Amino acid sequence: MRHLFSRPRQVIAVEWGDGEVRLSLPARGGRMTATFPLTAPPEEQGFEVSRRLQELMKRGTLSAPFCVVLPSHACTFKLLKLPEGNGEVREQIWRTEAANQLGLPLSEIELAFYEQPEGVLVVAVRKSFLHTYLSPFIQLDLPIRWIVPSIIGLWLSVQKPPSGSWGILELKGSRERITGATIALGAGERLRLVHSITLNGNGNNGEWLVGELQRTLALYHRTFGEPVTQLFLVGNRNLLEAENIGTLPPMDELPLSADGNTVGERVLSAIAAAIIANPSIPSFPPPGQEPALVWRRVEERLVGALTVLAIIGLTAGFIFSSLVSALREEVKSEQSLLTGQRRQLNQLTTEDFGAKVKSLEQIWGIAANPRNDPLELLYWISKALPTSVWVTELAFLRDGQVILRGSALSHSAVTDAVRALSELEIDKGKSLFHEVSTNYANARTVADRTFVEFQITAWLRERTTQRQRQVLRP
Amino acid sequence: MLLVTLVIVAVFGWLWGASALWQYQSLKAQLQDLREQTAEMQKSVERAKEQRKRYEQLVQELGKPLSEFDPGRLNAKLMEQVEGALTQSKIKAETVQPLPWQINSDMRATRLSVQVVATTTQPTISEGLQSLTELLMRLRSMRPPVLVERLNIQAISQPQQGLRVQAQLVWLIPLEDAVLKKWAAQTRRPTLRR
């Protein structure tokens, strides 16, 4: 349905038969036309057409929607005068009436309807012909959107039709002989009568064809009450030469202002232009894809997709399996490393070095502490005390108490000694003694010489005894 | 047939791939976990090695923990060592009295101590002080070191000028756990005394 609402920008028109396949393709700045001769026997020409189209497909020139132009002489036309209706009912009536009047079973024909002011022009074509004609396109899965009889396309391509009764005579055939003719008659834009004449076994019989045309023109005159005054010819005029051609209305070539080297190519270009201008042109329904073909396409895609999936899966499986085996090796080596470390740790910790080191550190802390070493103490004290002081007794007690007893020349010497001991520093500004105090400093004169007897107590650690209990003079 | 074969191959491939991916992720997580464990274990091993090294250093300084504890023999050895040091320092020992020994379970060591009363034999105080310094250095350099817990130095003039030294010397000797357990079981007392 999409094409009913959208105007196509490009259309490819194609027609085959009479030993040729003709194409009108969109090209840059206009249209490109081509005619390929078909050299194969008639029953194999479908394959040749398919091959030609395949070659063009590979070049990427067949991307636009397709209009397949049917030879008009393969169709049957009938103007039905029917009451107006609407929707699906109307089309059903048309179909029933067409079947009745054409005398053909609906199962064997395909119908197209063309509404005209005076009725509905029914176009019928045998399904078997249509199937054969379209098979090259269907096999290649080409996007067919329109299937139009050439006479209808030609009628619609005439942009300024005469106001009176006029007609188009389309001649089909090779250079040597005519195979069929179709005449479309009407007034203005109204198409009233289309008659296709197939010359089966009557080839080159121009007189018989002219007679048929005369009868058609007379039928038109009788039916619509006015004679046809102008005929336009499409095709090789020479095929029509006969003695009584003068009895037909004046005939001119149909002016086809379209691209193309031959009449057939110009007809295709004109029909393509008409479709671009009027996309709702009457058309046989485009063929649905054959289930087998659809299944084949689906199968092809499935095979492609599954192949890709299988390759991806197998590749991923292979890659991950390789990674897994590499990782397994790594895990094994890591596990053995860990086991080795555990064993080593067990060996190291069986003897409980942590607790042993802790207890040994405690012992070493006591042994290596300079404050517990009287040798260090003697060194520092001897360094600090002034020369005016004599120490006669030194006591180094367990709780860090150091008692100095002795004599000094003066009280100030004792004070100097206390100050020196207080300011004694070891280990970067750390005082050796926590506290230094003088217990007593008493002057005593012996043989005219006065001495000051003193006792100084110093604490290497914070004192643990009460101040009242500090060591007094013995 | 081709389609069915392809479906089977694709399903097999994807199942294989998915299984391998799952295994890969699982192994990766396991490897990560193992690496973390290894790193932790390496740290523990390093710590243990450091402790062992430190232990060996301390053993060099303090002596190896005793696996057999004989207090009588140890006391005799301490007295012998002290007397030897006094003699070497030319200090005359008046008294070398052993004191009760103790086992300190916190320090995992035994504490042996002796009380010493001695006098210097040098004619001057200065020389006496030198001898005393030598004595203290000798005690400090013993293995395990002999600690001076109490020290009293007094200048004396009788019977000759010199220094009288009273000291309490202590030996802290590390003990093996087995010894500690054995003695704890024997006595059931927090402090073991002779």
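Predicted model: local features only at pLDDT ≥ 70, side-chain atom pairs only at ≥ 80, totals over all residues.
Me: Is H7(A) mostly covered or mostly uncovered, and how many of its 15 residues are buried?
Reply: A residue is buried if 20 or more other C-beta atoms lie within 10 Å of its own. In H7(A) the buried residues include A:Gly264, A:Glu265, A:Arg266 and A:Val267. A:Ala274 and A:Ile275 are also among them. H7(A) is mostly covered, and its buried residues number twelve.

Me: What percentage of the residues of chain A count as buried?
Reply: Chain A holds eleven helices and 19 strands. Of its contacts between residues at least 6 apart in sequence, 63% join residues at least 24 apart. Over the 474 residues of chain A, the buried part is 32%.

Me: Over which residues of chain A does pLDDT stay under 50?
Reply: The mean pLDDT of chain A is 84. In chain A, 91% of residues reach 70 or more. The stretch under 50 has four contacts beyond four places in sequence in the model. That stretch is residues 1–5.

Me: Which element gives the most to the side of chain B that touches chain A?
Reply: The contact takes 55 residues from chain B and 53 residues from chain A. On the chain B side, the elements giving two or more residues are helix H1 (2–62), helix H3 (125–141), strand S3 (146–156) and strand S4 (162–174). With 35 residues, the element that gives the most is H1(B).

Me: How many residues of the side of chain B that touches chain A are nonpolar?
Reply: That side of chain B also has twelve polar residues. Ten are charged. The nonpolar residues number 33.

Me: How closely do the axes of H10(A) and H3(B) come, and at roughly what angle do they cross?
Reply: H10(A) covers residues 374–384. Its contact residues are A:Pro374, A:Leu375 and A:Leu378, against B:Thr133, B:Leu136, B:Met137 and B:Arg140 of H3(B). They divide into five nonpolar, one polar and one charged. The axes come within 9 Å and cross at roughly 145°.

Me: Which strands stand at the edges of the open sheet of eight strands?
Reply: The order is S18(A)-S19(A)-S15(A)-S14(A)-S3(B)-S4(B)-S2(B)-S1(B), with antiparallel pairing. Each edge strand has a single partner strand, so one side of each is left without a neighbour in the sheet. The twist averages 15° from one strand to the next. The edge strands are S18 (435–446) of chain A and S1 (91–104) of chain B.

Me: How many bridges pair S14(A) with S3(B)?
Reply: S14(A) covers residues 389–396. A:Glu393 stands opposite B:Gln154, and A:Leu394 has B:Ile153 as its bridge partner. A:Phe396 stands opposite B:Leu151. The two strands pair in the antiparallel sense, and the bridges number four.

Me: Which residue of S4(B) is the bridge partner of B:Gln154?
Reply: S3(B) and S4(B) run antiparallel, joined by ten bridges. They form a hairpin with five residues between them. The partner of B:Gln154 in S4(B) is B:Arg164.

Me: Which residue takes a positive phi in the hairpin of S14(A) and S15(A)?
Reply: Seven bridges join S14(A) to S15(A), residues 401–408, and the two run antiparallel. A:Val389 stands opposite A:Ala408. The hairpin has four residues between the strands. The phi is near 95°, and the residue is A:Gly400.

Me: What is the bridge partner of A:Ser407 in S19(A)?
Reply: S15(A) pairs with S19(A), residues 449–459, in the antiparallel sense. Eight bridges make up that pairing. The partner of A:Ser407 is A:Glu453.

Me: What angle does the direction of H9(A) make with that of S4(B)?
Reply: H9(A) covers residues 353–368 and packs on the sheet. There H9(A) touches S2, S3 and S4 of chain B. The angle with S4(B) is about 170°.

Note on methods:
Residues numbered from 1 in each chain as written. Chains lettered and ligands numbered in written order. Contact = placed C-beta atoms within 7 Å. Nonpolar A, V, L, I, M, F, W, Y, C, P; charged D, E, K, R; others polar. Pairing = 2+ DSSP bridges. Axes fitted to C-alpha atoms, helices over the stretch in contact; angles between N-to-C directions. pLDDT = per-residue confidence, 0-100.
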